[in-house]
Amino acid sequence: MDHSATFARHFARLVSLLMHDTGNVVEQKMSLRALVAINKNGPVTLIARDSQLSANGEPVPGALTGVQDVADQMKAHSVVGIEVGASSVAADLLGVARLIAAAPSPGDGGEQARRHFAQLGAGTIDLMLAAPNPTPPAAGPASLPVTPTEGVRTTDREAAALLSQLIAADVSKLSHVELLAALDRATSASTRSEVTTRILDDLVLVAEHAVRAGKAQVVAEVFHGVVAREAQLGARPGKNADIRRAYVTAMRRMSKPALLRAVASLIAKKPEGRQWYYEVLDRAGEDGADAVIEQITNARTTEDRRKLMEVFRELKDAIPALKRMLGDSRWFVARNAADLLGELVATDAEDALIALLKHGDDRVRRSATSALLKLGTQGAMQAVYDAVNDKSPEVRLQATAAIATRKDARTSNTLIRAIEDEQDSDVQAAMIAALGRVATPDAIAKLAKMAEPEGRLFRKKTTAFRVAAVQALAEARTPAALAALRELAGDKEREVRDTATRALAHVR
């Protein structure tokens with residue numbers, strides 16, 4: 001198969017994207033890279049005649065994406081042909097594609113195309129423009145280029161004869177299983193790289209059609225088939241570099257959110273294929289990790305989330321993807337990323353999570369505080385202790401609950417200092433209760449002081465404040481705490497007295 005057919009397919013796809021999907025820069029780049037790689041095999045001449053596009057003298061099926069667009073646009077611009085020299089640079093190829101995709105000026109005789117092409121200054125590409133008021137020749141335009149010799153084309157066709165029946169233009173007639181079988185033959189045989197590229201192109205189209213039809217299993221089988229064969233190719237260093245590039249290009253084209261989302265959705269639905277899904281998503285890098293993160297966030301059941309997390313933990317780009325998400329402008333994205341980093345105990349995300357404590361949304365700061373506690377590193381814990389003084393009451397509550405799990409002098413001293421300055425009654429109550437759970441000698445002494453009727457530090461104590469301190473002493477249950485409760489059982493205030501009495505009875 002002549003490389004010109006593959007070149008024409010990718011050129012038509014690029015023009016179609018520039019005309020109908022201008023924002024899809026990723027797909028445009030992929031098509032352009034493929035054009036550059038294929039063009040290294042030799043020159044290509046594209047001719048538009050009677051709404052039919054041909055490449056090096058061979059007709060290009062009009063059913064392929066963008067082919068009819070190219071033929072129509074060339075006619076509208078009065079461009080008869082495009083001669084592309086071998087190894088043309090990407091900038092020139094993109095410039096010509098944009099020229100063809102641009103809106104034409106009817107009746108200008110090709111002046112717009114001539115002017116734009118002159119500005120492009122492409123050294124290895126030439127345009128053939130229709131002559132003004134041309135007289136139709138008897139046997140075709142005299143300006144048509146001489147096509148490659150029939151002998152050369154015959155040689156190319158013979159090299160691909162074994163696969164020609166499977167490499168049809170209408171991929172809807174082929175199953176992905178047949179295409180993967182053809183790919184095995186093409187990769188193992190001594191065929192030119194265009195054969196492999198053509199089959200990979202068809203597989204990408206099959207995967208794209210499958211995702212639109214809701215056939216996630218087919219997407220996974222196609223994607224894994226390409227990934228597995230690319231991995232085998234890596235173990236054979238003597239293989240053609242062009243074939244390797246064709247595989248890489250195909251996987252980039254398939255690494256789109258819709259396709260990766262389809263693969264990730266199968267983790268919970270069909271766990272028996274977990275290894276396949278993992279290999280595909282891991283090969284897709286951060287894009288694959290993003291797809292799993294989306295599924296985790298939207299998981300319907302705890303069991304589904306568990307299955308997704310099992311795969312997610314193994315992805316090498318899971319943590320880098322989450323760290324990138326911490327900087328997302330959407331608060332819920334940053335919050336979800338912080339929660340997952342804590343769940344993964346991602347210690348290398350410590351600095352990023354500490355920085356998140358300065359986030360403008362307190363919901364994000366709460367999640368960052370919880371994640372840092374799970375990390376448990378020295379730097380993470382220092383940040384959590386600092387969060388006890390955060391400007392948000394909700395964050396202070398979260399930090400208080402977090403450090404209360406650490407029953408040491410540092411925790412009790414931090415809480416004691418914070419209680420003295422705390423203005424929010426709910427946060428203050430949470431800090432008092434936390435002192436009871438910490439139960440260090442300093443914490444018990446402070447609680448006993450707070451439960452007293454009057455003191456130098458707290459001159460205006462409410463009954464609720466004192467009762468909270470009594471309840472915290474009951475939670476502690478240390479000998480010093482019980483001794484304080486026995487004294488408070490005779491307090492003048494009934495609520496304090498009754499609370500202490502009930503606590504002592506419960507202990508007995």
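What percentage of the 508 residues of the chain count as buried? In this predicted model, 49% of the 508 residues count as buried, where buried means under 20% relative accessible area, exposed means over 50% and partly exposed lies in between, with a 1.4 Å probe and protein chains only. Local features need pLDDT of at least 70 and side-chain atom pairs count only at pLDDT 80 or more, whereas totals for chains, interfaces and linings use all residues. Residues are numbered from 1 along each chain as its sequence is written, and side-chain values use heavy atoms, with hydrogens and water left out.

**View 1. The chain as a whole.** The secondary structure comes to 26 helices and five strands, with helices (H or I, at least four residues) and strands (E, at least two) taken as DSSP runs numbered from the N terminus. Among contacts between residues at least 6 apart in sequence, 64% join residues at least 24 apart, a contact being heavy atoms within 4.5 Å.

**View 2. Helices α19 and α21.** Two packed helices are described by the angle between their axes and the distance between the axes. The axes of α19 (residues 378-386) and α21 (residues 409-421) come within 11 Å and cross at roughly 25°, which makes α19 roughly parallel to α21. Axes here are lines fitted to C-alpha atoms, for helices over the stretch in contact, and angles run from 0 to 180 degrees between N-to-C directions; those under 35 degrees count as roughly parallel, over 145 as roughly antiparallel, 65 to 115 as roughly perpendicular and the rest as oblique. The crossing of α19 and α21 is right-handed, that is, the near helix is turned clockwise from the far one by less than a right angle. Met381, Gln382 and Tyr385 in α19 meet Arg410, Thr411 and Thr414 in α21. By class, this contact has two nonpolar, three polar and one charged residues, with Ala, Val, Leu, Ile, Met, Phe, Trp, Tyr, Cys and Pro counted as nonpolar, Asp, Glu, Lys and Arg as charged, and the others, Gly among them, as polar.

**View 3. The surroundings of Thr411.** Thr411, which has its place in helix α21, is buried, with a relative accessible area of 0%. Leaving aside residues up to four places away in sequence, Thr411 touches Tyr385, Ile403, Ala404, Arg406 and Val438. The side chains of Thr411 and Tyr385 are joined by a polar contact of 2.6 Å, meaning a pair of N or O atoms within 3.5 Å of which, within protein, one must be able to donate a hydrogen and the other to accept it, while residues adjacent in sequence count only if both atoms are side-chain atoms.

**View 4. Helices α4 and α5.** The axes of α4 (residues 90-101) and α5 (residues 111-120) come within 10 Å and cross at roughly 165°, so that α4 and α5 are roughly antiparallel to each other. Their crossing is right-handed. Ala91, Asp92, Gly95, Val96 and Leu99 in α4 meet Ala113, His116, Phe117 and Leu120 in α5, a contact with six nonpolar, two polar and one charged residues by class.

**View 5. Two loop residues with positive phi.** Most residues other than glycine have a negative phi. Ser87, in the loop between β4 (79-84) and α4, has a positive phi near 60° and is partly exposed, with a relative accessible area of 46%. Val345, in the loop between α16 (331-343) and α17 (350-356), has a positive phi near 50° and is partly exposed at 42%.
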